[in-house]
Amino acid sequence: EGILSMKKLVEDFTKPLVLRELGKEKLIELQNTWNKEAIATPSDASDELKYEIAYKNFLQQWITANNFMIKYEGDAGMAKFVNAAIAGWERKYSRSAKHLKILCALSPKYAFQRLSSTLSYKLQMFSPFTVSELNENRMIITVPTCKMLQNRDTNDFCLNACQNIIPAWLESQFNVKMDHNRKGQGCVVTFTPFNNK
């Protein structure tokens with residue numbers, strides 16, 4: 001369900017962006033490309049297979065949309081795509097962000113722990129990891145082998161989404177810093193409040 005919601009998120013911010021920037025004809029072109037690349041899910045597929053197919057479709061849809069904007073508008077197109085993704089992410093999580101901001105005003109350390117616990121659960125949809133540290137000042141997650149990097153052309157997704165979009169969202173919404181230490185196919189990610197001493 002989490003991955004399917006991410007796929008819908010990509011569609012929700014990409015379609016208006018392409019329509020506004022490139023026009024209806026190009027939007028139809030992009031949608032046709034998405035349809036051609038999509039892997040069909042067999043009706044008798046196991047839950048695990050459904051997840052794997054949804055995951056691949058989500059990543060491919062994201063990569064195709066990003067590359068589509070680059071194809072027609074170069075670096076400016078990629079910047080517009082990233083900005084639209086950040087805005088889309090903020091819209092998707094605006095309700096939970098509002099509650100956490102109120103909590104943060106009352107107790108910043110408790111709010112950080114709540115956010116960290118939520119992230120440690122929700123981010124598992126992208127790749128399995130372990131939480132090696134979680135307290136009121138820091139959360140560290142270790143991703144031994146990132147699923148994103150096992151699919152073709154997903155280095156751009158790693159750079160755009162994990163290393164730019166999610167950190168920008170965390171900073172703007174919660175004043176939380178997200179640092180990555182990528183090691184081959186794995187990664188160690190540290191979350192800390194910006195005002196942490």
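User: Which residues in helix 2 meet helix 3?

Analyst: On the helix 2 side they are Lys26, Glu29, Leu30, Thr33, Trp34 and Glu37, and they meet residues of helix 3 including Asn57, Phe68 and Tyr72. Contact here means heavy atoms within 4.5 Å. Helices (H or I, at least four residues) and strands (E, at least two) are DSSP runs, numbered from the N terminus. By the way, this is a predicted model, where local features need pLDDT of at least 70 and side-chain atom pairs count only at pLDDT 80 or more, while totals for chains, interfaces and linings use all residues. Residues are numbered from 1 along each chain as its sequence is written, and side-chain values use heavy atoms, with hydrogens and water left out.

User: Why is helix 1 called roughly parallel to helix 3?

Analyst: Helix 1 (residues 2-22) and helix 3 pack at an angle of about 25°, with their axes 7 Å apart. Axes are lines fitted to C-alpha atoms, for helices over the stretch in contact, and angles run from 0 to 180 degrees between N-to-C directions. Angles under 35 degrees count as roughly parallel, over 145 as roughly antiparallel, 65 to 115 as roughly perpendicular and the rest as oblique. So helix 1 is roughly parallel to helix 3.

User: What makes strand 4 largely enclosed?

Analyst: Of the 8 residues in strand 4 (residues 186-193), 6 are buried, so the rest of the structure largely encloses this strand. Buried means under 20% relative accessible area, exposed over 50%, and partly exposed in between (1.4 Å probe, protein chains only).

User: How do you know that strand 2 and strand 4 pair?

Analyst: Two strands pair if DSSP finds at least two bridges between them. Strand 2 (residues 139-143) and strand 4 have 5 bridges, in the antiparallel sense. As an example, threonine 142 has valine 188 as its bridge partner in strand 4. Strand 3 (residues 176-183) also runs antiparallel to strand 4, joined by 8 bridges.

User: And why are strand 1 and strand 3 at the edges?

Analyst: The 4 strands form an open antiparallel sheet in the order 1-2-4-3. Strand 1 (130-134) and strand 3 each have a single partner strand, so one side of each lacks a neighbour in the sheet.
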